[in-house]
Amino acid sequence: MRSKDLIKKEFKKDIQEAMQSTDEDAMVNAFVSLAEKTGSFDRIEELTPNQSMKVNSIKEVGIKAAKMSKSEFRKKFGGKNDVSFSEFAQKAFLGKDDIRQELSKRTDGSVIAPIGVSSEIIYNACQKSVLLNNCPIVPMDTGTVRIGRVNEDIELDFKERGLVGKDTSLGLEPIDLVAKTLYGYVEVAEEDIQDVYDIENILMKAFSDAVAQALDNNFLYTNTKATEKEGVYPNGIMDNTNIKKVTVNSADYDMVAKARLEISKENGEPDTVGINPNELYTLQTLKDTTGQYIQPPTFYSNLKQIESNGLKVKNALVMDSNAVVVGIRKQLDIKIMNNITNGTILMRVMVRADVLPVREKHICKIEITQ
């Protein structure tokens, strides 16, 4: 840990060099360097049960599914040489013994999925989620992760020689990802488990769909029961009062352009658009006066487009994907129960996760009135 005097000395030197530099970003870089040295910019702290802290850079631990293959995501998430989902399915659902390791079972019949299995399910869920695919995911070893975020931009101004310069602040503040418990479950007929060809892929789709739906539903909009039970539900991004909002009369490409503009005004770089299937259909069927389908404009095509039922009808979302961070506990809890009356198997997936905006002004909600 650098001493306070040493940090001040280094910062003074950086400022002096910046004032003499022709680089227009030199002054900003000096302030960013200060923030990094004090350990409060773009950092996270894992809070262990005994309150000891391990501080890491988000850039080092945050992972993006959209930029990785399944095997790369699995490795980064923490799953190394443990069992794959296919092997897990054979052991847990089909009762086969030709597997490399035994699974941990509880007395109530639940099974703890190895981290590799968790990572495969999360990766597949990412492909169907507005937030999970592009936003940084922090694999959580503990229940709480602390993030240092900037809540305002640095403001600079010219000054006369020898006079006091502009008083500015990085506006750093800590915010915590606190793992909330989310449930997703599916019910499958025992005949399907026994007879359906390639049942492992069917089960993977069922699990990942359930996880994607549960996370999107609760990450995008705050659960209506949140006011009754504080701390149980995550705060939905779309209900955040500090994000940008635009209201339009109808769904068209102009609404996306307006949302992009709002983010760009705040120096954000929008790269993702999330849209409900109904609104996506409207965009896909837009026609010109001759009855020909309208080709999407370049600004729309350049965005990562994600369709999700998690977004409400008459809503859409444009954002800089780095403006949101998602924390997911590595351990996925799977419980398997038999329904003798119906001849089905109920499979419950419990995911512990949380979501936080780190730059609210780089997120824009679109509301369609007609």
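Is Cys126 buried or exposed, and what is its relative accessible area? Cys126 is buried, with a relative accessible area of 0%. Buried means under 20% relative accessible area, exposed means over 50%, and partly exposed lies in between (1.4 Å probe, protein chains only).

## About the model

This is a predicted model, in which local features need pLDDT of at least 70 and side-chain atom pairs count only at pLDDT 80 or more, while totals for chains, interfaces and linings use all residues. Residues are numbered from 1 along each chain as its sequence is written, and side-chain values use heavy atoms, with hydrogens and water left out.

## The whole chain

The protein chain has eleven helices and 16 strands. Both are DSSP runs, numbered from the N terminus: helices are H or I with at least four residues, strands are E with at least two. Of the 370 residues in the protein chain, 47% are buried.

The chain exposes about 20,200 Å². Carbon and sulfur atoms supply 46% of that area. Accessible areas come from the Shrake-Rupley method with a 1.4 Å probe, and for residues only the protein chains shown count as cover. Now take contacts, meaning heavy atoms within 4.5 Å. Among those between residues at least 6 apart in sequence, 75% join residues at least 24 apart.

## Helix α6

Helix α6 covers residues 115–126. Its twelve residues should span 16 Å at 1.5 Å a residue, and its end C-alpha atoms are 16 Å apart, which agrees. The expected span is 1.5 Å times one less than the number of residues.

Eleven of the twelve residues of α6 are buried, so the helix is largely enclosed by the rest of the structure. Among them are Gly116, Ile121, Tyr123 and Cys126. An α-helix has 3.6 residues a turn, so residues three or four places apart point the same way.

## Two cysteines, no bond

A disulfide is a covalent bond between the sulfur atoms of two cysteines. Here the rule is a pair of cysteine sulfur atoms within 2.5 Å. By this rule the count is zero.

Strand β16 spans residues 363–368. Five of its six residues are buried, so the strand is mostly covered. Two strands pair if DSSP finds at least two bridges between them.

Strand β9 (residues 244–248) runs parallel to β16, and five bridges join them.

Thr142 sits in the loop between β5 (137–140) and β6 (144–150). Thr142 counts as buried because its relative accessibility is 11%. A polar atom of its side chain lies 3.2 Å from the backbone oxygen of Thr144.

Asn267 is in the loop between α9 (253–265) and β10 (272–275). Its phi is near 65°, a positive value in a residue other than glycine. At 61% relative accessibility, Asn267 counts as exposed.

Lys314 lies in the loop between β11 (304–307) and β12 (315–319). The phi of Lys314 is near 70°, also positive in a residue other than glycine. Lys314 counts as partly exposed, at 31% relative accessibility.

Terms used
Polar contact = N/O pair within 3.5 Å; in protein donor to acceptor, adjacent residues only side chain to side chain.
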